Amino acid sequence: MKLLIDFLVLIIGFAALIKGADWFVDGSAGLARIFKVPGVIIGLTVVAMGTSAPELAVSSAAAIAGSNEIALSNVVGSNLFNLLVVLGICALIHKVPVDEIIIKRDFPFSIAVTALVLLLTCSATIFTGKLPALAMADEAGYVRRYTGIILLVLFVCYIVYLIIDAKKHPTEDDEDSKKLPVWQCILLILIGIALIVSGGEAVVYSAKSIARVFGMSETLIGLTVVALGTSLPELVTSIVAARKGETGLAVGNVVGSNLFNLLLILGVSSTIHPISVNTASLYDLTILIVVSTIVYIFTIKGRAINKLEGALMVLLYAADMAFAIFR
């Protein structure tokens, strides 16, 4: 009976996360239009933040509760899911073109940040020259508070750069787009935040309980169930865009969300509470770097991701999940 209740709480939590993120984006984008903030800024900041809000809620709640394995594995798992499944499925629906600025600036920055997190996390292991064994429960490093602060500083610098760059290259907004009244925008934002926070807490609570029942580690449950659930906003947004032929939005949404996950979410989580990292998470971070590089090569090769590459990406995710479950 308790297991059934836990699954029910998990489903309700995911539903609250998705709807909360949806309303948060609508309200924030509406408010931005009212104050005539350029559309590019809305896309790169508000929408990316909105679709990453579930990860922020889950990882912050996990950090406060001391469930550090979920905090880190949720970020890594979400980024893997975004790159391989979200972009892969979009490519299967329609060839996904990649904007030149994303290839030159955002994608390489995302890979560099992931490598930085891995370096800072296992710096002690690297300097001692001891490679951690594949004993997945072994403690292999920490995401310390100073690492979190470094990530948050990088996040602020990145956002400031985006704003400055957008002002240098202004775009015309759609004057015919429907504008919501200010009070409705604020109401959507407040309700969205409330749903995201409460949904995040519900997901962490139920996920931990389910993990204990099935004898699963928090790393595995965070890497699979929680990561998949919190990545649903990115998946839904990108698939809808691909079906409408607006495939250019897909890569920007994924890369932007992944950067938010690494810089803001991991930064906030580790600043709240230093994260003890097990060997499994170090291997997952390494896999994320390798996978990101593979997808980046796809984008460079033809300035787009085709159906064959999309199928390969989905298969890579299936193989990684099989490895995570097997270990």
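**Entry 1: Lysine 104 and glutamate 100**

I looked up lysine 104 and glutamate 100 and found both in helix H4, four residues apart, about one turn of the helix. Helices here are DSSP runs of H or I with at least four residues, strands are runs of E with at least two, and both are numbered from the N terminus. The model is a predicted one, in which local features need pLDDT of at least 70, side-chain atom pairs count only at pLDDT 80 or more, and totals for chains, interfaces and linings use all residues. Residues are numbered from 1 along each chain as its sequence is written, and side-chain values use heavy atoms, with hydrogens and water left out.

Lysine 104 forms a salt bridge with glutamate 100, and their closest N and O atoms are 3.9 Å apart. I count a salt bridge when a side-chain nitrogen of Lys or Arg is within 4 Å of a carboxyl oxygen of Asp or Glu. Lysine 104 is exposed at 61% relative accessibility, while glutamate 100 is partly exposed at 33%. The classes are buried for under 20% relative accessible area, exposed for over 50%, and partly exposed in between (1.4 Å probe, protein chains only).

**Entry 2: Arginine 303**

Which side chain meets glutamate 100 in a salt bridge of 3.1 Å, N to O? I found arginine 303 there. Arginine 303 lies in the loop between H11 and strand S4 (304-305) and glutamate 100 lies in helix H4, so the pair ties together parts that are 203 residues apart in sequence. I noted arginine 303 as partly exposed, with a relative accessible area of 37%. Through shared partners, salt bridges join Glu100, Lys104 and Arg303 into one network.

**Entry 3: Helices H4 and H11**

I then looked at the axes of H4 (residues 100-121) and H11 (residues 279-302), which come within 10 Å and cross at roughly 165°. That makes H4 roughly antiparallel to H11, a term for angles over 145 degrees; under 35 is roughly parallel, 65 to 115 roughly perpendicular and the rest oblique. The axes are lines fitted to C-alpha atoms, for helices over the stretch in contact, and angles run from 0 to 180 degrees between N-to-C directions.

From H4, the contact residues include Phe107, Ile111 and Leu118; from H11, they include Leu285, Ile289 and Tyr296. Contact means heavy atoms within 4.5 Å. The residues of this contact divide into 14 nonpolar, six polar and no charged. Ala, Val, Leu, Ile, Met, Phe, Trp, Tyr, Cys and Pro count as nonpolar, Asp, Glu, Lys and Arg as charged, and the others, Gly among them, as polar.

**Entry 4: Aspartate 6 and lysine 2**

In helix H1 (residues 2-34) I found aspartate 6 and lysine 2, four residues apart. Their side chains meet in a salt bridge of 3.3 Å, N to O. Is aspartate 6 buried or exposed? Aspartate 6 is buried, at 3% relative accessibility, whereas lysine 2 is exposed at 52%.

**Entry 5: Alanine 211**

I placed alanine 211 in helix H7 (residues 182-214). Alanine 211 is buried, with a relative accessible area of 1%. Leaving out residues up to four places away in sequence, alanine 211 touches Met216, Ser217 and Ile221. The C-alpha atoms of alanine 211 and isoleucine 221 are separated by 6.4 Å, with the two residues ten apart along the chain.

**Entry 6: The chain**

I noted twelve helices and four strands in the chain. The structure holds five salt bridges. Of the 327 residues of the chain, 51% count as buried.
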